[in-house]
Amino acid sequence: MMTAPAAGTGQVAALQAALAAEHAVVWGYGVVGGRADVRLLPAVREADEVHRGRRDSTLALVRRYGGEPVPTEASYELPFPVPDRRAALRLAVHLEEGAAAAWRYAVAATEDRSLRRTALAALTDAAVRATRWRLLLPPTPPTVPFPGGGP
Amino acid sequence: MAVLPRRRVLTAGAAGLAAAAVAGCTGRVGGAAGTSSPTAPPPPDPLLAELTDEARLLAAYDATTARHPGLGRRLAGPRADHAAHAAALAQVLDAAGSHSPTPSGSATPPAARVPGTPVAALAALRAAERAAARARSAAALVAPAERAGLLAGVAASEATHDLVLR
């Protein structure tokens with residue numbers, strides 16, 4: 001019988017929150033893609049793909065640590081109307097900031113070095129993607145001191 | 001007495017913060033030398049090294065802007081981020097009552113010379129940012145939980161700076 005990795009309930013809860021965030025991001029990129037123009041679409045598809053991969057690996061992590069993965073919602077409430085390309089870009093920033101917040105929380109919720117490394121990599125990736133989208137949204141400052149909110 | 005420099009760090013504005021942090025450390029070096037203790041001092045708070053590094057980055061941005069004023073607008077964002085990082089680190093250190101008992105400040109290298117062309121200056125800052133992100137990531141992996149989130153956020157922010165320095 002395989003020994004399950006030791007996991008605090010806080011750790012599993014943080015992973016579940018990260019999984020829920022990734023579910024929401026994948027749904028959200030569907031909306032972003034619907035408003036993206038031809039020039040934007042490759043970057044949206046790439047981001048969508050990366051987050052699908054992260055959702056799947058996070059789902060597997062939750063199982064590995066003994067949790068029952070939270071399912072995706074049928075639909076999510078948009079934070080603001082998304083009628084055009086600029087709003088779609090703002091939504092993309094919002095999605096990445098949401099992912100960053102969840103992963104930053106996960107970094108602090110575990111003492112497990114490898115899990116923390118996974119969370120930190122996800123946080124950094126979300127922060128970098130948010131900055132890429134913001135660079136297309138002048139005059140929005142492209143960087144923030146604490147991705148995902150804070151300090 | 002050692003509290004004074006720390007307090008100065010906290011009350012200083014973002015611009016003065018870096019100088020105060022470095023000056024504070026240097027000041028303590030002199031003080032520590034005069035009062036040799038028979039017992040070994042506790043190891044310095046590891047966060048002090050991160051704060052010193054942020055101060056060094058701020059100095060590098062200021063030196064670059066002084067040498068290449070045309071880059072000022074582009075550098076303003078990352079510089080403001082570093083000022084916020086330094087302020088947050090100083091606050092955590094202050095809350096922990098951590099005062100440098102060792103001359104860690106003396107290890108602070110002087111701000112590196114700024115390359116003569118804007119392109120080379122940007123490349124130097126990009127290299128400094130990559131090193132900073134690596135250092136903060138490494139610190140986040142071993143930090144206690146209550147500090148790991150802050151360090152991870154700083155690391156992620158520094159990783160984004162590369163994109164605006166191209």
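1. **Burial.** A residue counts as buried here if 20 or more other C-beta atoms lie within 10 Å of its own. By that test, 42% of the 166 residues of chain B are buried. For chain A, the figure is 46% of 151 residues. The model is a predicted one, and every remark below should be read with that in mind.

2. **Confidence overall.** The model scores ipTM 0.93 and pTM 0.84. Chain B has a mean pLDDT of 79, and 69% of its residues reach at least 70. Among the elements of chain B, α5(B) has the highest mean pLDDT, 98. Helix α1 of chain B, residues 3–11, has the lowest, 33.

3. Two segments of chain B call for caution. Residues 1–35 of chain B stay under 50 in pLDDT. The model still gives that stretch 55 contacts beyond four places in sequence. Residues 101–107 of chain B are also below 50, with 22 contacts beyond near neighbours in sequence. Where pLDDT is low, predicted coordinates should not be read in detail.

4. **Fold of chain A.** Chain A has 4 helices and 0 strands. Its elements run α-α-α-α from the N terminus. The radius of gyration is 16 Å, close to the 15 Å that the globule rule gives for 151 residues, so chain A is as compact as a globular protein of that length. Along its principal axes, the C-alpha trace of chain A spans about 55 × 35 × 25 Å. Of the chain A contacts between residues at least 6 apart in sequence, 74% join residues at least 24 apart.

5. **Fold of chain B.** Chain B has 6 helices and 0 strands. Along the sequence the pattern is α-α-α-α-α-α. Residues 24 or more positions apart make up 78% of the chain B contacts with a separation of 6 or more.

6. **Nonpolar core.** The largest nonpolar core holds 73 residues. Those with the most contacts inside it are W103(A), A106(A), V107(A) and L123(A). Both chains contribute: α1 (9–35), α2 (41–64), α3 (85–109) and α4 of chain A each supply at least two residues, as do α3 (46–67), α4 (72–95), α5 (118–142) and α6 of chain B. The largest share, 16 residues, comes from α3(A). In soluble globular proteins, nonpolar side chains tend to be buried together.

7. **W103(A).** What does W103(A) touch, leaving aside its neighbours within four places in sequence? The partners are A18(A), A119(A), A122(A), L123(A) and A126(A). One of them, L123(A), is itself listed among the residues with the most contacts inside the core.

8. **Interface.** The contact between the chains takes 27 residues from chain A and 23 from chain B. On the side of chain A that touches chain B, α3 and α4 of chain A are the elements giving two or more residues. α4(A) gives the most, with 11 residues. The residues on this side of chain A divide into 16 nonpolar, 5 polar and 6 charged.

9. **Helix α2(A).** This helix has 24 residues. Its first and last C-alpha atoms are 34 Å apart, close to the 34 Å expected at 1.5 Å a residue. Buried residues in α2(A) include V44(A), A47(A), H51(A), R54(A) and R55(A). T58(A), L59(A) and L61(A) are buried too. The cover over the buried residues of α2(A) includes α1 and α4 of chain A. Just after α2(A), G66(A) takes a positive phi of about 85°.

10. **Helix α6(B).** Residues 145–164 of chain B form α6. At 1.5 Å a residue, its 20 residues should span 28 Å; the end C-alpha atoms are 30 Å apart, which agrees. This helix is mostly covered, with 16 of its 20 residues buried.

11. **Cis peptide bonds.** Which peptide bond near P139(A) is cis? The bond joining P138(A) and P139(A) is cis, with omega about 5°. P139(A) is in the segment after α4 (113–135) of chain A. The bond from G150(A) to P151(A) is also cis, with omega near 15°. P151(A) lies in the segment after α4 of chain A as well.

12. **Q91(B).** Is Q91(B) buried or partly exposed? Q91(B) is in helix α4 of chain B. It has 14 other C-beta atoms within 10 Å, so Q91(B) is partly exposed. Its C-alpha atom is 27 Å from that of A127(B), a residue 36 places away along the chain.

Key: Residues numbered from 1 in each chain as written. Chains lettered and ligands numbered in written order. Predicted model: local features only at pLDDT ≥ 70, side-chain atom pairs only at ≥ 80, totals over all residues. Expected span 1.5 Å × (residues − 1). Buried ≥ 20, exposed ≤ 12 C-beta atoms within 10 Å, placed from the backbone. Core = buried A, V, L, I, M, F, W, Y, C linked by C-beta atoms within 7 Å. Contact = placed C-beta atoms within 7 Å. Nonpolar A, V, L, I, M, F, W, Y, C, P; charged D, E, K, R; others polar. pLDDT = per-residue confidence, 0-100. Rg over C-alpha atoms; globule rule 2.2 N^0.38 Å.
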